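Let's take a walk through this model together.

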Amino acid sequence: MFLTLTLLRKGIPGKQWIGKYRRSRPVTWQMKRNMVKHLEREAENEYWISRPYMTPEQEHSHAAERRAQNWLNIKEAKFANFPEHKNITDHLSHLNISRSWKS
């Protein structure tokens with residue numbers, strides 16, 4: 001079909017590099033080299049991912065102390081912005097203006 005279109009229409013309709021009937025790019029040696037490098041890098045990543053750094057026994061709750069410390073730091077940071085406690089006498093002290101010592 002692509003050969004027929006090329007022979008009869010004298011070219012590819014529209015843009016030749018995009019679309020349903022696009023022209024395929026020739027595969028160069030650089031493209032092959034880059035693909036091989038990419039596949040080698042991917043194989044090396046799979047190799048390292050497949051071998052765990054810690055055993056399951058070591059991994060079990062290995063970060064519990066650090067997480068507890070982080071939680072305490074977050075809690076202290078939230079309480080640092082909390083306003084001071086006030087008594088009800090502080091809120092209602094403006095009502096004692098007319099009160100005298102005699103009464």
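Predicted model: local features only at pLDDT ≥ 70, side-chain atom pairs only at ≥ 80, totals over all residues.

Residues are numbered from 1 along each chain as its sequence is written, and side-chain values use heavy atoms, leaving out hydrogens and water. The protein averages a pLDDT of 86, and 88% of the residues score at least 70. Confidence is lowest in H1, with a mean of 69, and highest in helix H2 (residues 29–50), at 97.

Now to the fold. Helices (H or I, at least four residues) and strands (E, at least two) are DSSP runs, numbered from the N terminus. The protein has 5 helices and 0 strands, and the order from the N terminus on is α-α-α-α-α.

How much of the chain is buried? Buried means under 20% relative accessible area, exposed over 50%, and partly exposed in between, with a 1.4 Å probe and protein chains only. Buried residues make up 2% of the 103 residues. The accessible surface, from the Shrake-Rupley method with a 1.4 Å probe, where for residues only the protein chains shown count as cover, comes to about 11,000 Å². Carbon and sulfur atoms account for 58% of that surface.

Next, look at helix H1 (residues 2–9), which holds leucine 3. Leucine 3 counts as exposed because its relative accessibility is 60%. Leu3, Leu7 and Leu8 make a nonpolar surface patch of about 370 Å².

Further along, serine 61 sits in the loop between helix H3 (56–59) and helix H4 (64–80). The phi of serine 61 is near 50°, a positive value in a residue other than glycine. With 52% relative accessibility, serine 61 counts as exposed.

Finally, which aromatic pairs are there? Rings of Phe, Tyr and Trp (its six-membered ring) pair if their centres lie within 6.5 Å; planes under 30 degrees apart count as stacked, over 60 as edge-to-face and the rest as tilted. The structure holds 2 aromatic pairs. Tyrosine 47 and tryptophan 48 form an edge-to-face pair, 5.0 Å centre to centre with 80° between the planes. Tyrosine 47 is partly exposed at 40%, whereas tryptophan 48 is exposed at 56%. Phenylalanine 79 and phenylalanine 82 also pair edge-to-face, at 6.5 Å centre to centre and 75° between the planes. Phenylalanine 79 is exposed at 58%, and phenylalanine 82 is exposed at 55%.

Terms used. Patch = residues over 30% accessible without salt bridge, like charges linked within 9 Å, V, L, I, M, F, W, Y side chains within 5 Å. Salt bridge = Lys/Arg side-chain N within 4 Å of Asp/Glu carboxyl O. pLDDT = per-residue confidence, 0-100.
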